[in-house]
Amino acid sequence: MHKEAAIREPLILGHKTYHDITEDVCKPIEDKAPRMWYILFGIALVIGLYGIGCIMYLLGTGIGVWGLNKTIGWAWDITNFVWWVGIGHAGTLISAVLLLFRQKWRMAINRSAEAMTIFAVFMAGTFPLIHMGRLWVGYWTLPLPNQFGSLWVNFNSPLLWDVFAISTYLSVSLVFWYIGLIPDFATIRDRAKKPVAKKMYSILSFGWSGRAKHWNRFELVSLVLAGLATPLVFSVHSIVSFDFATSVIPGWHTTIFPPYFVAGAVFSGFAMVQTLLLVMRKAMGLEAYIHTKHVEYMNIVIMVTGSIVGTAYITELFISWYSGVEYEAYAFINRATGPYWWAYWAMMTCNVISPQLMWFRPLRRSLLFTFIISIVVNIGMWFERYVIIVTSIHRDYIPAAWSMHYPSHIDIGVYVGTIGIFFVFFLLFARYFPVLALNEVKTILKSSGESYKNAPDHGHHEASH
Amino acid sequence: MADKVLYAMYDDDEVLKDGAKKLVSKGVKINEVFSPFPIHGIDPIIGVKNTRLGIMAFIYGLTGTMLATIGMRYFMIVDWPMNIGGKPNFSYLENMLSFIPITFEFTVLCAAHGMAITYLLRNKTLPGIPAQNPDPRTTDDKFVIEIRMSENDNFSSSDMENMLKDTGLIELDQKDI
């Protein structure tokens, strides 16, 4: 059996049994939702519906309702796209990369982080689709035989690579998530009392019975999917960065973009996981499973990736001078001192300074501080994309074409709306789905549970039930 | 022929594993084990072979690589060679660099989905299929060994029951099929 060092903090606090884990996770699903859930759901739904209304108006009128102009062809839309995709990356990093590294602490957070990934990628996918203006011809991005002189999509274009990357990422994450959910749905199915719930969870659980052979396959499938998802997640954000890096726009034409974007994605994704989980663990009474140690581990990831991002900012700045290309140099001087200086310095403060505070142990173990920093980081990462996209193109080669971007209320409405829809999905997930990977958490109870870990009669510890 | 099935229930995975070891050493054939989570090390004891789904994933992945290569060569080189900035597409090899991202993505797509579909079909777990665990508690905190008497001709039912009772079980159930 897997053994852990005695000095390592337990991952499951308190004196839990296998049955307690089931109880703790299933109770919130089986009980009536608290009033707070309805209030939050209502708010999210209203915001989400407003966003959908804005999207409808946009589709009916055209993307002229955004604040774009001839110089600035990409602004909030692509900023939001990259922001949401970036947030999505943490889920895959937690469930796939940490699985390959055998990090047991991932088990408390992987289910909800993956749910976050899927919902975030949904939101991300909305933006390129509505940016087409004509959503109904979205299928033109696929290489389908057609009547236009057999015109194929351009496989040399990073924008097309992105279509393949994002759709592969979304569907593979969904499958990975669902395969892990099947045994847990079976647990809820076998406990369900109400006939409708029993029927629903019975369908969702695909008739899972927990046979030894099935578990054998389950573990291999999880491992291989993790192995596939790991390079996938790195490739996806690298390809997103190619959308910029392969162009010849000063400020975009940078070879460090792929690693820099991936680090930024993980950075913002972990921040979003912190924001969501710090609230969720409290609301659903999961403090024994997601506790200070988990928060601390995630803060260390935020610190490391935040430092990579900070290094990338400074490298970019240095290279723009060292390259000797005056357009490149101007793009960066303009970022820091031009009309968008406030966005640049907001980005610098939120992303470079705030993660460095995590070097202090009391700070990275403080839940309130973590919550505040997680929101600061998410704001900073939105500004990062805004700075990269808008400040690089708002002053191009011809000064006569220089321009500014002012968001219209539709720009704002669509963005805020996606946050609303995201929370609608996440709240539904928290209400009806097992938010903890039950079958995985149970496997670490004896090796990392507080009451078993350093017990003298290790192994056959009798449960109190 | 009517078959008698015995279900021995345990409340600890380690106890079940030790019990299974004891039973198998006496020559008992264990038909199935039901558990709420994977019991590590149970497979060799009860004779469950390692799955070959990994090999299938590799084959599906290879199929994806091939399809992507064949497809992009046809679209970009054969059917409609594009001339971008005076750099026409002459051969697949010369243009391959820009085809690598999609080749990779498509490989992953085929490997992951192919394996997931095979996994669900081989397990016979699909929407609408009824659950087959003998007791609803086996998805919570109980572990069950299933023994079929037809597979254990050299033991009488009472012998078998006595042997099972020595393994620290908490409940013994039987069913006639």
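Is B:Lys124 buried or exposed? That was my opening question for this notebook, and I kept in mind that the model is predicted.

**Entry 1: B:Lys124**

I counted 12 C-beta neighbours inside 10 Å, so B:Lys124 goes down as exposed. I found B:Lys124 in the loop between α5 and β5 (143–148) of chain B. Most residues other than glycine have a negative phi.

**Entry 2: A:Phe206**

Next I looked up A:Phe206, which is not a glycine and yet has a positive phi of about 60 degrees. I traced A:Phe206 to the loop between α6 (195–204) and α7 (212–245) of chain A. Is A:Phe206 buried or exposed? A:Phe206 has 22 C-beta neighbours inside 10 Å, so I wrote it down as buried.

**Entry 3: where chain B touches chain A**

I then turned to the two chains and found 60 residues of chain B in contact with 55 residues of chain A. On the chain B side, the elements that give two or more residues are α1 (13–25), β2 (32–34), α2 (42–46), α3 (53–79) and α5 (100–123). Which of them gives the largest share? I have α5(B) down for that, with 16 residues. Sorting the chain B side by class, I got 36 nonpolar, 14 polar and ten charged residues.

**Entry 4: the largest nonpolar core**

I listed 187 residues in the largest nonpolar core, and those that touch the most other members are A:Val172, A:Val273, A:Val441, B:Ala112 and B:Met115. Helix α5 (residues 158–191) of chain A gives the most to this core, 18 residues. Domain 1 (4–50 + 137–176) and domain 2 (55–123) of chain B both contribute residues, so I noted that the core lies between them. As background for myself, nonpolar side chains tend to be buried together in soluble globular proteins.

Setting aside residues up to four places away in sequence, B:Met115 touches A:Val221 and A:Val224 in chain A, and B:Leu53, B:Met56, B:Ala57 and B:Tyr60 in chain B.

**Entry 5: the domains of chain B**

How many Å separate the centres of domain 1 and domain 2 of chain B? Taken over C-alpha atoms, I have 47 Å.

**Entry 6: α9 and α11 of chain A**

I checked how helix α9 (residues 292–322) and helix α11 (residues 341–353) of chain A meet, and their axes come within 8 Å and cross at roughly 135 degrees. That angle makes α9(A) oblique to α11(A). From α9(A), the contact uses A:Gly306, A:Val309, A:Gly310 and A:Tyr313, while α11(A) brings A:Met348, A:Asn351 and A:Val352.

**Entry 7: A:Gly86**

My last stop was A:Gly86, which sits in helix α3 (residues 76–100) of chain A. With 29 other C-beta atoms within 10 Å, A:Gly86 is buried. What does A:Gly86 contact, leaving aside its neighbours within four places in sequence? My list reads A:His237, A:Gly264, A:Ala265, A:Ser268, A:Gly269 and A:Met381. I also looked up A:Phe267, which is 181 residues from A:Gly86 in sequence but 8.3 Å away in space, C-alpha to C-alpha.

Methods:
Residues numbered from 1 in each chain as written. Chains lettered and ligands numbered in written order. Predicted model: local features only at pLDDT ≥ 70, side-chain atom pairs only at ≥ 80, totals over all residues. Axes fitted to C-alpha atoms, helices over the stretch in contact; angles between N-to-C directions. Helix = DSSP H or I, 4+ residues; strand = E, 2+ residues; numbered from the N terminus. Parallel < 35°, antiparallel > 145°, perpendicular 65-115°, else oblique. Contact = placed C-beta atoms within 7 Å. Nonpolar A, V, L, I, M, F, W, Y, C, P; charged D, E, K, R; others polar. Core = buried A, V, L, I, M, F, W, Y, C linked by C-beta atoms within 7 Å. Buried ≥ 20, exposed ≤ 12 C-beta atoms within 10 Å, placed from the backbone. Domains from an automatic or database assignment.
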